[in-house]
Amino acid sequence: MFGDWCTAVVEVAEGRLAGGPDAEALARLSGYVHLMAENTASDTERRGCLLAKGAAELSQHDPTVAGRSAQTMTALLTLLRTEISAAQRHGDIDSTADPERLAALLLTVVRGIEAVGKAGLDPETLRNIADTALAVLPMPEGQKRLATGRSPAREN
């Protein structure tokens, strides 16, 4: 069951971050982060994520859970890093920024949204967290984000 859940978590991410034109990479990243916020916001029973609960409760005592959790997080990091690199190639994210660090930041934000959502933060706060995380991605010189942080606009 835990392994199936981990597979499903990666499949959801692959569905949003499966690659495509570099020009759409930032939109794919945004879509994924916002999807995770919306999924958490819609979890009105606050069940949370089995991956998060399993990793937190069992990883210390169960090497199988620990290994599967690490494998899942590594897969998510790889998907995020690939999209960040594509957005950098397109000029939507500063090319001098470290894509590994940015991927780790977004993964932590997404997983954190799940944790604070389970703790009871309201849906609008979860959406605002997603917006803020995307807004802090470093932009190339001469480019700024629109007020929502969801898409860039070049200065003329």
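**Helix 5**

I started with helix 5, residues 99–118. I count helices as DSSP runs of H or I with at least four residues, strands as E runs of at least two, numbered from the N terminus. Helix 5 has 20 residues and reaches 29 Å from its first C-alpha to its last. That is close to the 28 Å expected at 1.5 Å a residue, where the expected span is 1.5 Å times one less than the number of residues.

This is a predicted model: local features need pLDDT of at least 70, side-chain atom pairs count only at pLDDT 80 or more, and totals for chains, interfaces and linings use all residues. Residues are numbered from 1 along each chain as its sequence is written, and side-chain values use heavy atoms, with hydrogens and water left out.

I then checked both ends of helix 5. At its start, a side-chain oxygen of Asp98 comes to within 2.9 Å of the backbone nitrogen of Glu100. Just after the helix, Gly120 has a positive phi of about 115 degrees.

Next I looked up burial (buried is under 20% relative accessible area, exposed over 50%, partly exposed in between; 1.4 Å probe, protein chains only). The buried residues of helix 5 include Leu102, Leu106, Val110 and Ile113. Arg111 and Glu114 are also on that list.

**Helix 5 against helix 6**

I took the axes as lines fitted to C-alpha atoms over the stretch in contact, with angles from 0 to 180 degrees between N-to-C directions. The axes of helix 5 and helix 6 (residues 123–135) come within 10 Å and cross at roughly 170 degrees. The two helices are therefore roughly antiparallel; angles under 35 degrees count as roughly parallel, over 145 as roughly antiparallel, 65 to 115 as roughly perpendicular and the rest as oblique. Helix 5 makes the contact (heavy atoms within 4.5 Å) through Leu106, Val109, Ile113, Val116 and Gly117, and helix 6 through Leu126, Ile129, Ala130 and Ala133. I sorted these residues into 8 nonpolar, 1 polar and no charged. Ala, Val, Leu, Ile, Met, Phe, Trp, Tyr, Cys and Pro count as nonpolar, Asp, Glu, Lys and Arg as charged, and the others, Gly among them, as polar.

**Asp92**

I found Asp92 in the loop between helix 4 (63–90) and helix 5. Asp92 is buried, at 6% relative accessible area. Its side chain makes a polar contact with the side chain of His90 at 3.0 Å. Such a contact is a pair of N or O atoms within 3.5 Å; within protein, one must be able to donate a hydrogen and the other to accept it, and residues adjacent in sequence count only if both atoms are side-chain atoms.

**Arg28**

I moved to Arg28 in helix 2 (residues 25–41). Arg28 is buried, at 12%. Helix 2 is mostly covered, with 13 of its 17 residues buried. Beyond four places in sequence, Arg28 touches Arg16, Leu17, Gly19, Gly20, Pro21, Glu83 and Ala86.

**Whole chain**

I noted 6 helices and 2 strands. Buried residues make up 40% of the 156 residues.
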